[in-house]
There are 2 protein chains.
Amino acid sequence: MSSNPSPASAAARAVPPAGGGSARRAPRGSARAKLIAAAHQTVRRKGYAATSVDEICAAAGVTKGAFFHHFDSKDALAVAAAEGWTERARPMFELPPHTRLEDPLDRLLGHIDFRLAMLEGPVEDFTCFVGTMVQEAYATNDAIRAACEASINAYCEALTPDIEAAIARHGIAHGVGAMSLARHIQAVLQGAFIMAKTANDAGIARDSVTHLKRYILMLFGRG
Amino acid sequence: MSSNPSPASAAARAVPPAGGGSARRAPRGSARAKLIAAAHQTVRRKGYAATSVDEICAAAGVTKGAFFHHFDSKDALAVAAAEGWTERARPMFELPPHTRLEDPLDRLLGHIDFRLAMLEGPVEDFTCFVGTMVQEAYATNDAIRAACEASINAYCEALTPDIEAAIARHGIAHGVGAMSLARHIQAVLQGAFIMAKTANDAGIARDSVTHLKRYILMLFGRG
DNA sequence: GACAACATACCGACTGGTTGGTATGTAGAG
DNA sequence: CTCTACATACCAACCAGTCGGTATGTTGTC
């Protein structure tokens, strides 16, 4: 999933390879994608304001000229990176084996298990780029805030069909709505990320998502 | 709580007043507390890195001299402000009427209702200072991270006795532990804050905390 | 209780380094 | 040749932190 090429790999290519003689540089047109990927990585680690343009350029293995060729400003990159984050999350809903399950509730629970399994390793590798960034931008930059909102909404909307189908098939306690539950799932994940950052450890996040799974099971009468 | 005199007031007072009447300045020794309160306010709005020392000073109505008299660095203020946040949250567990209820489960549910009622008005007024700050510091400043962790832990530990007593009296489904549930409550709150920031609206946060309350009721067989 | 000696609280101009952003140059594709 | 995609050099604004100084206590001595 993470589609994280080693950050150094691009920069390493700047070193002329032995053969051929010509110093092959990164293919033209790749700078934009590398800058967005670098922003995802760096902002998740340090936050948005603490991440400088130079730092993103260094992580992407390009120069400032390339940065400001592709983006009008740092804030413009932030918006583009939020949109890029939505793309990057899309495979989560298509690839894994559990998406083929027949029962929509099993697909939903499979997704939760999938998210649970993601909570491994360094905190900065599984946390949410838009969730991190919106905290710094919600009151000061509405374009970034809206881009983050769109990404979060896309996640919730991707989750909703299965939840709706599960409700139709199994019923749900207390008239809980599909979109409301999808948003709660997202909220618990975001909260779990913060707890993981607090302890600098993923375990505490898994614990919360396990509570979430139990809640969903109970709602659908499988508790 | 906010104790925010007009930011300009102190500077204005530097001009000698005409009459012999006393130009009353802020009482000596108040600068530290005002700086911490200003940090709480400003960081919750803009994040930690985007908040400058000058800005905090202006909001507190003191000068940089006062700032660096009380704190060795901006990061040192962050640590002190995290500790101050714990103090500021303490009354939540002592004051409200629900803390007098006889049944510990009612006290716990009363606390959730209390948190729910807090989710009103501007987002920056009910979100969590340490939850915001830890996102920017967890990987880059361990002193700040640890201070935030301590504050979060203090919250969870304040919640735990009632949960334990509620488990003892009513039993709980699936052998859920008191500390684990307390941490999940905190996680859902933090996640709800992020969702509120995303939409710049408190309603979405209330929805998630309502899910949380339902989960707790179900765990204790009151669903 | 008066006064010297000292300590604490606070002020605001200044500095060196960093930041986002710009102006200009160049190389490869078509 | 031209245009896009980058690179390099540079700048003004801003930032955290410093420093010399003042104002307001506090303490010990007689």
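How many residue pairs are in polar contact between chain B and chain A? That was my opening entry today, and I kept in mind that this is a predicted model.

**Entry 1: the interface**

I looked up the count and found 20 residue pairs in polar contact between chain B and chain A, both partners at pLDDT 80 or more.

**Entry 2: the area**

I wanted a size for this interface. The size of an interface is often given as the accessible area lost when the parts come together. Here chain B and chain A bury about 4300 Å² between them, and 62% of it is on carbon and sulfur atoms. In chain B, the residues that lose the most area to chain A are Gln135(B), Tyr138(B) and Thr198(B), together 16% of what that side buries. I also wrote down who takes part: 49 residues from chain B and 49 residues from chain A.

**Entry 3: Ser180(B)**

I picked one residue in helix H9 of chain B, namely Ser180(B). Is Ser180(B) buried or exposed? Its relative accessibility is 18%, so Ser180(B) counts as buried, the cut-off being under 20%. Looking for its neighbours, I found that Ser180(B) touches Asp207(A) and His211(A), leaving aside residues up to four places away in sequence. With His211(A) there is a side-chain to side-chain polar contact of 2.7 Å.

**Entry 4: Asp201(B)**

My next stop was the loop between H9 and H10 of chain B, where Asp201(B) lies. Asp201(B) has 41% relative accessibility and therefore counts as partly exposed. The side chain of Asp201(B) reaches the backbone nitrogen of Gly203(B) at 2.9 Å. Beyond residues up to four places away in sequence, Asp201(B) touches Val123(B) and Ala196(B). I also checked Gly121(B): it is 80 residues from Asp201(B) along the chain, yet their C-alpha atoms are separated by 8.1 Å.

**Entry 5: a record for chain A**

Last, I opened UniProt, where an unreviewed entry places the feature "DNA-binding region" at residues 52-71 of chain A. In the model, this span of chain A is 75% helix and 0% strand, and its end C-alpha atoms lie 14 Å apart.

Definitions and conventions. Residues numbered from 1 in each chain as written. Chains lettered and ligands numbered in written order. Predicted model: local features only at pLDDT ≥ 70, side-chain atom pairs only at ≥ 80, totals over all residues. Heavy atoms only, no water. Contact = heavy atoms within 4.5 Å. Buried area = accessible area lost by both parts, 1.4 Å probe. Polar contact = N/O pair within 3.5 Å; in protein donor to acceptor, adjacent residues only side chain to side chain. UniProt positions renumbered as here; feature names shortened; annotations may be inferred. Helix = DSSP H or I, 4+ residues; strand = E, 2+ residues; numbered from the N terminus. Buried < 20%, exposed > 50% of the residue type's maximum accessible area, 1.4 Å probe, protein only.
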